[in-house]
Amino acid sequence: SPASTEQRGAEVDRLPQLVSNPAPYYPPQALAQRRAGRVVLQARVGVDGRVLALSVRESSGMGDLDRAALDAVWHWQFSPALRAGAPVEHEIAVPVRFVLR
């Protein structure tokens with residue numbers, strides 16, 4: 001319906017943008033077993049660009065990779081979402097991939 005589109009559009013003018021995202025620590029056991037995966041986290045980004053809340057939205061199916069992703073993203077820095085030019089809190093999905101090189 002048009003109303004829901006308007007609300008979504010009015011929510012924020014710009015989503016949070018990544019500024020700094022140090023790579024997650026790859027759990028040694030996962031490396032040894034050559035396990036790779038993707039975790040999608042739900043992050044609430046504050047007006048200062050820091051992560052205020054974090055949860056697993058889509059698990060990799062491996063607890064150690066999920067935990068390593070959570071540990072890493074707590075330390076990531078974003079530029080905040082903007083609404084009418086002002087920073088606002090906003091929730092976003094954050095994919096984290098563990099790739100064997």
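This is a predicted model: local features need pLDDT of at least 70, side-chain atom pairs count only at pLDDT 80 or more; totals for chains, interfaces and linings use all residues.

Trainee: How far apart in sequence and in space are Leu 82 and Asp 13?

Mentor: They are separated by 69 residues in sequence, while their C-alpha atoms are 5.5 Å apart in space. Across the chain, among contacts between residues at least 6 apart in sequence, 70% join residues at least 24 apart.

Trainee: Is Leu 82 buried or exposed, or partly exposed?

Mentor: The general idea is a set of cut-offs: buried means under 20% relative accessible area, exposed means over 50%, and partly exposed lies in between, with a 1.4 Å probe and protein chains only. Leu 82, in strand 5 (residues 81–83), counts as partly exposed because its relative accessibility is 23%. Of the 101 residues in the chain, 37% are buried.

Trainee: How many helices and strands does the chain have?

Mentor: Helices (H or I, at least four residues) and strands (E, at least two) are DSSP runs, numbered from the N terminus. This chain has three helices and seven strands, and along the sequence they follow the pattern α-β-α-β-β-α-β-β-β-β.

Trainee: Which residues of helix 3 are buried?

Mentor: In helix 3, which covers residues 63–73, the buried residues are Asp 64, Leu 65, Asp 66, Ala 68, Ala 69, Ala 72 and Val 73. They pack against helix 2 (28–32), strand 2, strand 3 and strand 7 (90–98). Asp 64 counts as buried because its relative accessible area is 19%, and, not counting residues up to four places away in sequence, Asp 64 touches Pro 27, Gln 29, Ala 30 and Arg 35.

Trainee: In what sense do strand 2 and strand 3 pair?

Mentor: Two strands pair if DSSP finds at least two bridges between them. Strand 2 (residues 37–45) and strand 3 (residues 51–58) pair in the antiparallel sense, over six bridges, and Leu 41 stands opposite Val 56 in strand 3. Five residues lie between the strands of this hairpin, where Gly 49 takes a positive phi near 85°.

Trainee: Which residue has a positive phi although it is not a glycine?

Mentor: One of them is Arg 34, with a positive phi of about 55°, placed in the loop between helix 2 and strand 2. Arg 34 counts as exposed because its relative accessible area is 56%. Ala 84 also has a positive phi of about 55° without being a glycine, and sits in the loop between strand 5 and strand 6 (86–88).

Trainee: With which side chain does the side chain of Ser 79 make a polar contact?

Mentor: A polar contact is a pair of N or O atoms within 3.5 Å; within protein, one must be able to donate a hydrogen and the other to accept it, and residues adjacent in sequence count only if both atoms are side-chain atoms. The side chain of Ser 79 makes such a contact with the side chain of Arg 14, at 3.0 Å.

Methods. Residues are numbered from 1 along each chain as its sequence is written. Side-chain values use heavy atoms; hydrogens and water are left out. Contact means heavy atoms within 4.5 Å.
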